[in-house]
Amino acid sequence: MNTAPEMPWSTVMLLISAGRHLQRQIESDLADIGLSLRQLGALGHIAGSPELSYSDLARRAGITTQSMRATILMLEEQGAVRCDLAGQGRRAHLELTQDGERLLAEARRMISLRDRTFAEGLEAEEEAALHAALHRGCRTRRERGVRGWGEGG
């Protein structure tokens with residue numbers, strides 16, 4: 001006889017529900033500092049790998065190169081990114097400005113607060129195990145060539 005309590009939802013459904021809720025919260029937080037989630041992703045990728053092309057950034061974000069160009073243009077207009085356009089057929093060099101670094105640091109602070117809020121009620125070991133399991137699951141799918149599984153983390 002199975003005495004384990006019945007789980008009302010599958011793990012996938014719980015992740016979807018939590019993910020939607022957290023995404024709305026983070027998007028609201030980011031809007032307060034003038035960023036979108038897509039812009040945050042671009043800032044993070046540029047900070048970590050400034051040699052990435054528009055196409056590389058677009059692939060990581062799962063969007064078209066044209067959409068990524070528009071995202072970078074908005075970040076340039078905000079003064080968060082500097083773009084050194086190379087000649088025809090050459091890769092543009094993208095880098096964060098001091099404002100971009102400040103925005104990225106503030107966004108990371110906001111996300112860290114959401115991490116702590118989300119983990120309320122969990123023991124430190126449970127939080128670490130949850131993080132490790134999710135990270136491992138994303139990494140496994142990425143290694144299998146499944147697109148969109150945590151390229152940024």
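Visitor: Over the ring of which residue does the charged end of Arg69 sit?

Guide: A charge is judged against a ring by its distance from the ring centre and by its direction relative to the ring normal. In this predicted model, the charged end of Arg69 lies over the ring of Tyr54, 4.3 Å from the ring centre. As for aromatic pairs, the structure holds zero.

Visitor: How many salt bridges does the structure count?

Guide: A salt bridge requires a side-chain nitrogen of Lys or Arg within 4 Å of a carboxyl oxygen of Asp or Glu. The count comes to five. One of them joins Arg59 to Asp56, with the closest N and O atoms 2.7 Å apart. These two residues stand three apart in helix 3, and therefore about one helical turn separates them. Arg59 is partly exposed at 47% relative accessibility, whereas Asp56 is buried at 16%.

Visitor: Which parts of the chain does the pair Glu95 and Arg82 link?

Guide: The salt bridge between Glu95 and Arg82 has its closest N and O atoms 2.8 Å apart. This pair links distant parts of the chain, since Glu95 belongs to strand 2 and Arg82 to strand 1, 13 residues apart. Glu95 is partly exposed at 30%, and Arg82 is partly exposed at 44%.

Visitor: What separates Arg139 and Glu143 in helix 6?

Guide: About one helical turn separates them, because they are four residues apart. Their salt bridge has its closest N and O atoms 3.8 Å apart. Arg139 is partly exposed at 33%, while Glu143 is exposed at 61%.

Notes. Residues numbered from 1 in each chain as written. Predicted model: local features only at pLDDT ≥ 70, side-chain atom pairs only at ≥ 80, totals over all residues. Heavy atoms only, no water. Phe/Tyr/Trp six-rings, centres within 6.5 Å; stacked < 30°, edge-to-face > 60°. Lys NZ or Arg CZ within 6 Å of the ring centre and 35° of its normal. Buried < 20%, exposed > 50% of the residue type's maximum accessible area, 1.4 Å probe, protein only.
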